[in-house]
Amino acid sequence: MAGIKLPPSDDTSELPQQPRTPVTGDLISDDDRSIAADHDDEQRHADATEALAAANLRPSSDYSSDKDSEKDEEDGDGIASMLGLQSYWDAAYSDELQNFRQHGHAVMDTVVSWTKSLCIDITQRRLLNHGGSDKTEHDNHEVHDLSSWSVLDLGTGNGLLLQELAKHGFVDLTGVDYSEGAINLARGLAERDGYSNITFSVDDVLDTKLERQFQLVMDKGTLDAIGLHPDGPIKRLMYWDSVAKLVAPGGLLVITSCNSTKDELMQEVDSFNQRTTGNPVQPNSSVHQDSATHSAPFQYVDHVRSYPTFMFGGIVGSRVATVAFLRN
Ligand SMILES: C[S@@+](CC[C@H](N)C(=O)[O-])C[C@H]1O[C@@H](n2cnc3c(N)ncnc32)[C@H](O)[C@@H]1O
């Protein structure tokens, strides 16, 4: 495994970078995005491939095999499939650290501040449900204390999402990735940036060795990557089985995807709920619904409604969806 070569500066923007993908500050409604983007499925798949690759690290050019499957295609579909392979991420994180860049920052900022608000909102409601309505202003500061939220970041990559959550007050932070190179990178960056309290470990989400549950489980781009594996459909089923065990009852799962829309993620959850309970579950179910919904593993809570607009390959309006589900 190649060592991590970090530049002396504590500003990650000074890491040698690839040409930056332009990011605009314009906001676009999540609900309107399908109109703005106006891509067919094939185009979306290609966009997601580009977004996933661009948002992280450039793939190394000198790998040719994979733990799961031998594949070295040059066409678009081949590249898409490679994003689902562990060898892709191992090579990207171990050999091309100099290509590290952070153009996904705008998405990360949105995801983190939105997730923080959601956690505060849920904590507040829990306090009120437990007779906390007459709390003093001093007591109400407790709702901003996010230390009770244990956080797991699935497929953490460079671990910067966890660093950002730490800046916003979360303290119990764990990141896992099946790529050892990713974990080395995440650890190196966390140490450099003064976040050595974040725990990182090599772990395959689909065959996790984690033995604890977490109040908040984050996934930014990992289900996308899993879905791009040649066995994506089966692996997505395995993903839900695994994640259902990792989110503590009453906890939250927050998924950010540039391949699936909010509605597609909700449908996927509905299918998982149905598969698990044997009951047809109301589509688009929201919190506080009937008992059938409550027996289902996951319930839709909320989604991010506005995102900065991105430009990939000259196309403005690449999709990103962030959706939160409550674990019953
Ligand atoms: C698109 S990247 C996202 C990285 C990071 N979450 C971010 O937002 O920058 C997908 C990440 O998921 C990891 N990954 C893919 N499949 C995984 C699995 N089965 N278990 C653990 N990590 C996985 C890859 O190594 C890669 O770091």
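Author: Welcome! One definition to start: axes are lines fitted to C-alpha atoms, for helices over the stretch in contact, and angles run from 0 to 180 degrees between N-to-C directions. Please keep in mind that this is a predicted model.

Reader: Thanks! At what angle does α8 run to β4?

Author: Find α8 where it lies across two strands, β3 and β4. Comparing the direction of the helix with that of β4 gives an angle of about 165 degrees.

Reader: How many helices and strands does the protein chain have, and in what order do the 7 strands of the open sheet come?

Author: The protein chain has 12 helices and 10 strands.

Reader: Do β7 and β10 run parallel or antiparallel?

Author: In general, strands of a sheet pair through backbone hydrogen bonds, in one of two ways, parallel or antiparallel. Here 5 bridges join β7 to β10, which covers residues 321-327. As one example of facing residues, Gln299 stands opposite Leu326 in β10. The two strands run antiparallel.

Reader: Why is helix α7 described as largely enclosed by the rest of the structure?

Author: Take a residue as buried if 20 or more other C-beta atoms lie within 10 Å of its own. Leu160, Leu161, Leu162, Gln163, Leu165 and Ala166 are the buried residues of α7. The helix is largely enclosed because the buried residues number 6 of the 8.

Reader: What covers those buried residues of α7, and which strands of the sheet does α7 touch?

Author: The cover includes the helices α5 and α8 as well as the strands β2, β3 and β5. α7 packs on the sheet, and its direction makes about 175 degrees with that of β3. The strands that α7 touches are β2, β3 and β5.

Reader: Which helix gives the most to the shell around the ligand?

Author: The ligand is surrounded by 22 residues, and the closest are Trp89, Gly155, Gly157, Lys220 and Gly221. By type, the shell divides into 10 nonpolar, 9 polar and 3 charged residues. The helix that gives the most supplies 3 residues and spans 222-227, which is helix α9.

Conventions: Residues are numbered from 1 along each chain as its sequence is written. This is a predicted model: local features need pLDDT of at least 70, side-chain atom pairs count only at pLDDT 80 or more; totals for chains, interfaces and linings use all residues. A residue is near a molecule or strand if its C-beta atom, placed from the backbone, lies within 6 Å of it. Helices (H or I, at least four residues) and strands (E, at least two) are DSSP runs, numbered from the N terminus. Ala, Val, Leu, Ile, Met, Phe, Trp, Tyr, Cys and Pro count as nonpolar, Asp, Glu, Lys and Arg as charged, and the others, Gly among them, as polar. A residue is buried if 20 or more other C-beta atoms lie within 10 Å of its own, exposed if 12 or fewer, and partly exposed in between; C-beta atoms are placed from the backbone. Two residues are in contact if their C-beta atoms, placed from the backbone, lie within 7 Å. Two strands pair if DSSP finds at least two bridges between them.
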